[in-house]
Structures are given as structure tokens and as C-alpha cells.
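Hello,

Here is the structure I promised to hand over. Please look through it first, then read my notes below.

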Amino acid sequence: MADADVVSPRRHAPPHLLGTLSPDEALGNVSALIGLPHVRTVSELDGFVDAYKHVAGATPTRGNLVPDAHVAAILFQHGVRTLYTNDCDFRKFQSLDVRDPFA
């Protein structure tokens, strides 16, 4: 998963699921997820601003597209070029080969 939603699930969560976990339970779940041997966390590296400019390019990046550009720039910095997602906004970033996992 390459998304900030690990720490901010409210953006996509159905209303009936909000508030079901205590902060300690939620942190425990995140800790368990990133503790799995096949999970790798990624974050901004030196030169992130230049990577962001490269990824955003000529795409007008504002509003809801800003977090997607942020993720795309982090992926670019880490050499990730293929992203499996059904979020079509990521197709706006030429640095990514976006594939729909449900297609």
C-alpha cells in the first residue's frame, strides 16, 4: 500500500466504521501491518521537492490531486514505476504505469 491512508483512513471510510477503534488499537494495527516481512514503508528522501516537480510536471496539481502527487513523488524517488490502483487520478502522472487491479 503506498498511501497516506494508513494514518488517515477517514478519507475513504464508510461513516459506520468511523470511530470504531481506539487510538491504541489503530496504532497496534498499523504496527502489525508494517511489521510484516513483505511490507516496506517508504517516505520522502533528500531531493523530494525536485522529485515532486518532476512528477507533477505540467499537471495542474491542486486540491485532491496534491496527496496523489505526494505519493507519486515518493514512489518515483524509490524507483517504483508500476502502481496497482483503481484511482484514475494517478494516471495523470507520467512517471507511473497505473494498472487497475480489478480489471
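**What I found**

Start with Ala-72. Leaving out residues up to four places away in sequence, Ala-72 touches Val-55, Phe-90, Phe-93 and Leu-96. Contact here means heavy atoms within 4.5 Å.

A word on the source. This is a predicted model, where local features need pLDDT of at least 70, side-chain atom pairs count only at pLDDT 80 or more, and totals for chains, interfaces and linings use all residues. Residues are numbered from 1 along each chain as its sequence is written, and side-chain values use heavy atoms, with hydrogens and water left out.

Now the overall layout. The protein chain has three helices and two strands. Their order from the N terminus is α-α-α-β-β. Helices (H or I, at least four residues) and strands (E, at least two) are DSSP runs, numbered from the N terminus. Of the 103 residues in the protein chain, 21% are buried. Buried means under 20% relative accessible area, exposed over 50%, and partly exposed in between (1.4 Å probe, protein chains only).

Next, the core. The largest nonpolar core has 14 residues, and Ala-72 is one of those that touch the most other members. H3 gives the most, with seven residues. A nonpolar core is a set of buried Ala, Val, Leu, Ile, Met, Phe, Trp, Tyr and Cys residues joined through side-chain atoms within 4.5 Å.

After H3 comes Gly-79, with a positive phi near 80 degrees. Gly-79 sits in the loop between H3 and strand S1 (82-84). Gly-79 is partly exposed, at a relative accessible area of 48%. From Gly-79 to Ser-95 is 16 residues in sequence and 9.8 Å in space, C-alpha to C-alpha.

Last, Thr-85. Is Thr-85 buried or exposed? Thr-85 is buried, because its relative accessible area is 15%. Thr-85 lies in the loop between S1 and strand S2 (97-99). A polar atom of its side chain is 3.0 Å from the backbone nitrogen of Asp-87. Beyond four places in sequence, Thr-85 touches Phe-90, Val-98, Arg-99, Asp-100 and Pro-101.

Best wishes

Notes. Polar contact = N/O pair within 3.5 Å; in protein donor to acceptor, adjacent residues only side chain to side chain.
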